[in-house]
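Open the model in your viewer and keep the selection tool ready. Each stop says what to select and what is there.

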Amino acid sequence: MDRMLTDGEIVAIGRRLRDLREKLGFTQQEFANKLFWDVSSYQKIESGKALMTLDKAVQLHRDYDVDLNYFAAGDSYDKEDAITHLLINSSKQDSARMIIRLLEYLIRLIKKSLIMLL
């Protein structure tokens with residue numbers, strides 16, 4: 001299905017970009033500089049007059065741990081929900097393996113914490 005983003009969706013993406021910038025405490029100029037973006041292009045994206053490219057979205061994800069699902073579509077993505085989704089949609093054997101690996105990881109973290117305390 002060919003579907004273009006609506007103007008409202010583009011404006012919403014720009015709003016989420018502005019919200020992120022403000023949360024981080026940057027001016028438009030500072031944030032554009034940190035991202036190595038042209039400030040006028042950045043301003044167009046934030047104001048909803050232009051759409052950022054995929055490479056810019058990936059850069060936001062990598063540099064600022066931005067959830068691209070939320071950022072692009074406004075859909076929240078909870079990491080706990082992701083684990084539940086994986087477990088529910090996996091075979092019992094795969095779910096058991098994932099739980100064991102998760103528990104092993106948690107045990108290693110606890111051991112490291114205890115060693116640091118002693």
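The model is predicted.

**Stop 1: α1 and α3**

Select residues 7–24 for helix α1 and residues 39–46 for helix α3. Their axes come within 7 Å. They cross at roughly 115 degrees.

Now show side chains. Which residues of α1 meet α3? On the α1 side they are G14, R15, L17, R18 and R21. On the α3 side, pick Y42, I45 and E46. Color this contact by class: 3 residues are nonpolar, 1 is polar and 4 are charged.

**Stop 2: R21**

Stay in helix α1 and center on R21. Is R21 buried or exposed? R21 has 9% relative accessibility, so it counts as buried; the cut-off for buried is under 20%.

Next, display what surrounds R21. Leaving out residues up to four places away in sequence, R21 touches F26, T27, Q28, F31, Y42 and E46. Two of the α3 residues from the previous stop, Y42 and E46, are among them.

**Stop 3: α2 and α4**

Keep F31 selected; F31 is one of the α2 residues that meet α4.

Zoom in on the contact. From α2, F31, K34 and L35 take part. From α4, select K56, Q59, L60, D63 and Y64. By class, the contact of α2 with α4 has 4 nonpolar, 1 polar and 3 charged residues.

Key. Residues are numbered from 1 along each chain as its sequence is written. This is a predicted model: local features need pLDDT of at least 70, side-chain atom pairs count only at pLDDT 80 or more; totals for chains, interfaces and linings use all residues. Side-chain values use heavy atoms; hydrogens and water are left out. Axes are lines fitted to C-alpha atoms, for helices over the stretch in contact, and angles run from 0 to 180 degrees between N-to-C directions. Helices (H or I, at least four residues) and strands (E, at least two) are DSSP runs, numbered from the N terminus. Contact means heavy atoms within 4.5 Å. Ala, Val, Leu, Ile, Met, Phe, Trp, Tyr, Cys and Pro count as nonpolar, Asp, Glu, Lys and Arg as charged, and the others, Gly among them, as polar. Buried means under 20% relative accessible area, exposed over 50%, partly exposed in between (1.4 Å probe, protein chains only).
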